[in-house]
Each structure stands twice: as C-alpha cells, then as structure tokens.
Amino acid sequence: MYIKASAKNITVYPEWPRPAQDLVQSLAGYPPALIGDVRKRLDMMSAEIRCLTPGARLAGSVLPIQVWEGDNLAIHRGLDEAKPGDVLVISGNGVTNRSVFGGILADICLHKGVTGVIIDGAVRDIEEVTQMGLPVFARAVVPAGPSKNGPGNVGKPVACGNVVCNPGDVVVGDQDGIVVIPQSELNETLRSLPAQEDIERQIRSRIREAATT
C-alpha cells in the first residue's frame with residue numbers, strides 16, 4: 001500500500017492470466033474505430049468516457065477495480081497488484097462530484113509500468129497528469145478529493161462506460177474513445193483487422209480516383 005490506511009475491506013480476487021505483450025502491441029497498432037468495426041461495433045465504451053490528456057493513446061491489459069463512490073482506497077490497493085502493461089479500469093459508478101484519481105496516483109502508475117487509466121467517474125490534477133504523460137480517460141474533472149475508507153474490489157469484472165471489463169481483457173483507446181476486446185477473442189480480432197483496413201484503403205482509393213476524373 002502507498003498510503004497509511006487499512007485495506008482490510010478491499011477484496012482482492014485471485015491472480016489472472018494476462019495476454020502476451022506482443023499481441024497487445026499488435027492490436028494497439030490499429031485505431032479503436034477500426035477495431036470496433038471488425039467487432040460488429042460492439043464493446044465500445046460510452047462517449048462520456050473521454051480522453052482528458054490531449055493526444056494520448058493507450059493499450060493494455062485490463063486490471064479492473066471497483067471503488068466505493070468518491071473513495072479511492074481500492075485504487076491504492078489495486079496498484080499493489082499492477083504489472084507493467086496493465087491499464088487500470090475503474091468503476092466509480094459514474095459519480096463525478098468527487099475525484100478518485102490524481103497526480104499522486106498517476107506517479108505511482110508510471111513507476112509500476114501502468115500504461116493508462118480509465119475511470120467511470122472523475123479525476124483531478126489533469127494538467128499535471130498530462131505533463132507526466134499518463135493517458136487518462138474519465139467522465140469528468142473536479143477538484144474535490146476522495147475519501148480512503150473502502151470498501152472495494154480488485155480483479156473482479158466491472159462495468160465501465162456501459163461495457164463489462166474482465167481481468168485480462170485488452171483495451172485500446174485514442175481521441176475517439178475506448179474499445180474493449182475480450183481476452184478469448186484477441187487473436188480472432190487481430191486476424192480480422194488487415195482485411196478491414198484494406199477495405200477502407202480501397203474505398204479511399206476509389207474516392208481519390210473519382211475526384212481526378
């Protein structure tokens with residue numbers, strides 16, 4: 001724990017397998033919009049979960065965290081379980097009157113190798129976090145800080161932006177938003193992407209040809 005508080009009421013679920021980093025990076029080479037197209041335009045988070053760190057992209061393995069509304073004790077405990085390449089996917093039940101993430105937690109994330117943070121809730125210190133280079137997606141920014149009492153869960157599936165996120169799923173995000181890829185469908189999704197990319201390339205080529213005739 002990075003704070004002096006008891007985490008006895010934070011439930012940590014058993015360790016789960018994470019996808020291979022080369023597979024994650026291969027998926028990260030495609031935009032979420034294209035990934036969503038090959039996934040029948042499902043599993044994309046609500047538009048209310050938006051990128052708050054301009055120009056940032058993220059990709060990684062889901063580390064799901066459920067917090068009590070306006071409380072971030074579970075995030076501190078969850079970072080004990082974080083591994084390089086993880087993305088914190090935090091369900092704050094959409095509450096935006098209290099921030100559950102800010103500059104101190106961002107600093108810990110960077111030292112743990114966490115590649116991004118997605119919060120169905122609010123954050124603060126966003127200018128500082130942007131300068132630090134940590135991609136953050138959330139519903140809102142608010143200066144009011146959190147409590148640290150719990151309860152909460154780490155490693156249990158959560159709903160974030162209207163999508164169920166399981167531990168070890170992959171998330172890919174850019175300025176358009178976030179797409180979630182179930183771990184069991186990573187290879188299938190990756191195999192489908194080049195063909196979809198080629199379809200779009202052909203459409204653009206026909207548009208350019210028509211413009212010159």
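**Entry 1**

I began with arginine 41, which I found in the loop between α2 and β2 (helices, H or I of at least four residues, and strands, E of at least two, are DSSP runs numbered from the N terminus). I was working on a predicted model, in which local features need pLDDT of at least 70, side-chain atom pairs count only at pLDDT 80 or more, and totals for chains, interfaces and linings use all residues. Residues are numbered from 1 along each chain as its sequence is written, and side-chain values use heavy atoms, with hydrogens and water left out.

I read a phi near 60° for arginine 41, a positive value in a residue other than glycine. Arginine 41 is exposed, at a relative accessible area of 60% (buried means under 20%, exposed over 50%, partly exposed in between, with a 1.4 Å probe and protein chains only). Lysine 40, also not a glycine, has a positive phi of about 60°. I placed lysine 40 in the loop between α2 (32–38) and β2 (50–51). Lysine 40 counts as exposed because its relative accessibility is 70%. I noted these values since most residues other than glycine have a negative phi.

**Entry 2: a cis bond**

I looked up the peptide bond between glycine 150 and proline 151 and found it cis, with omega about 0°. Proline 151 sits in the loop between β6 and β7 (152–154).

**Entry 3: nonpolar cores**

I then turned to the largest nonpolar core, which has 30 residues (such a core is a set of buried Ala, Val, Leu, Ile, Met, Phe, Trp, Tyr and Cys residues joined through side-chain atoms within 4.5 Å). Leu88, Phe101 and Val117 have the most contacts inside this core. Among the elements that give two or more residues to it are β3 (58–67), β4 (86–91) and β5 (116–123). Another core, of 17 residues, lies apart from it and includes Val89 and Cys160.

**Entry 4: helix α4**

In α4 I listed Gly103, Leu105, Ala106, Ile108 and Cys109 as buried. The buried residues of α4 pack against α3, β4, β5 and α5. After α4 comes glycine 113, with a positive phi near 85°.

**Entry 5: α1 against α6**

I checked which residues meet here: Leu23, Ser26 and Leu27 in α1 contact Leu186, Asn187, Thr189, Leu190 and Leu193 in α6 (contact means heavy atoms within 4.5 Å). The residues of this contact divide into 5 nonpolar, 3 polar and no charged (Ala, Val, Leu, Ile, Met, Phe, Trp, Tyr, Cys and Pro count as nonpolar, Asp, Glu, Lys and Arg as charged, and the others, Gly among them, as polar).
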